[in-house]
Amino acid sequence: MPTSGPPDPTPSPPPPDTAKPTTPPPILLALSGPTSSGKTTLAAALHAIFPPPHSLTIHADDFYKPDSEIPTTDDGLPDWDCAGSLDLAALAAVLRGLRSGAPAPARLLRQGNFAPDGVHGAAAAVTGGIGAATVERLRRAAAAARGDRRRRTLVVVEGFLLFGRSVPVGVRDLFDVKVLLRAGRGQARARRAGRGAYVTLEGFWQDPEGYFDRVVWPNYVEEHGGMVDGVDGDGVVEGEGSFGQRVHCSDPGGG
């Protein structure tokens, strides 16, 4: 019967690590606010400061339902500014996919994400309200801080209704950071009036006279509660006024 010798004082090397390096989940930043508050302008600036593959922009407008499925107001007008006009389930599915490492749907990359020929235009053409010099300075600073290291991807989601009371909690809770860009009623009305017709899935939409005051602004106030004008000294609203969310509020001067 063989006998065992003394134990080997040299420990065996650990087995090689065959696990694949994991990609950290993206940071989901939501930019919301009333019509014409500067959401797309700020999203375009962030897109330029953190260019792909370091960022991705998702436009909630790309999740509008077909014209024939848009809810109507009591007087029969299409209500493009309510939660029922958006396919929020589809938006949530895309965001959950991005969190789990899935690529963004080709449709969204093709028509959005500030592709030069996309519906939302090239980023450089949208950031005029912020200034090209400021955007370039911040882009250089971000690149220098990043170096050769691959950081978490920044996913910017911009849309008029991301934190509202009618938005399911399961959608609102997908965002890591929430920023509400606010604008006064008169300011928002003037900016919206300066826009042309909106391209829809089945045609075009032009606001009829009085639409802003009868539909757009009342919907915004109803949906956002204390977020419309109630913030603390740090520009943050949370608790009952924001339906249990922590939202950073900003009052941009332009965009």
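Good morning. I begin with helix 8, which bends by about 25 degrees at Trp217, with a proline, Pro218, following within four residues. Please keep in mind throughout that this is a predicted model.

Let me place that helix in the chain as a whole. The chain contains eight helices and eight strands. Of its 255 residues, 42% count as buried. Among contacts with a separation of 6 or more, 70% are between residues 24 or more positions apart.

Returning to helix 8, it runs over residues 211–224, and its 14 residues should span 20 Å at 1.5 Å a residue; the end C-alpha atoms lie 19 Å apart, which agrees. After the helix comes Gly225, which has a positive phi, near 50 degrees.

Which residues of helix 8 are buried? They are Tyr211, Phe212, Val215, Val216, Trp217, Asn219, Tyr220, Glu223 and His224. The elements that cover these buried residues include strand 4 (177–181), helix 7 (185–193) and strand 6 (204–205).

I turn now to the cavity. The count comes to one cavity of 30 Å³ or more, and the volume of the largest cavity is about 90 Å³. What lines it? From helix 8, the lining includes Val216, Trp217, Asn219, Tyr220, Glu223 and His224. By type, the lining divides into six nonpolar, four polar and two charged residues.

Key:
Residues numbered from 1 in each chain as written. Predicted model: local features only at pLDDT ≥ 70, side-chain atom pairs only at ≥ 80, totals over all residues. Heavy atoms only, no water. Helix = DSSP H or I, 4+ residues; strand = E, 2+ residues; numbered from the N terminus. Expected span 1.5 Å × (residues − 1). Bend = angle between axes of the 7 residues up to and from the residue. Buried < 20%, exposed > 50% of the residue type's maximum accessible area, 1.4 Å probe, protein only. Contact = heavy atoms within 4.5 Å. 1 Å grid on protein atoms, 1.4 Å probe; cavity = no way out; pocket = protein on both sides within 12 Å on 5 of 7 lines; lining within 4 Å. Points joined across faces, edges and corners; volume = space filled by probe spheres on them. Nonpolar A, V, L, I, M, F, W, Y, C, P; charged D, E, K, R; others polar.
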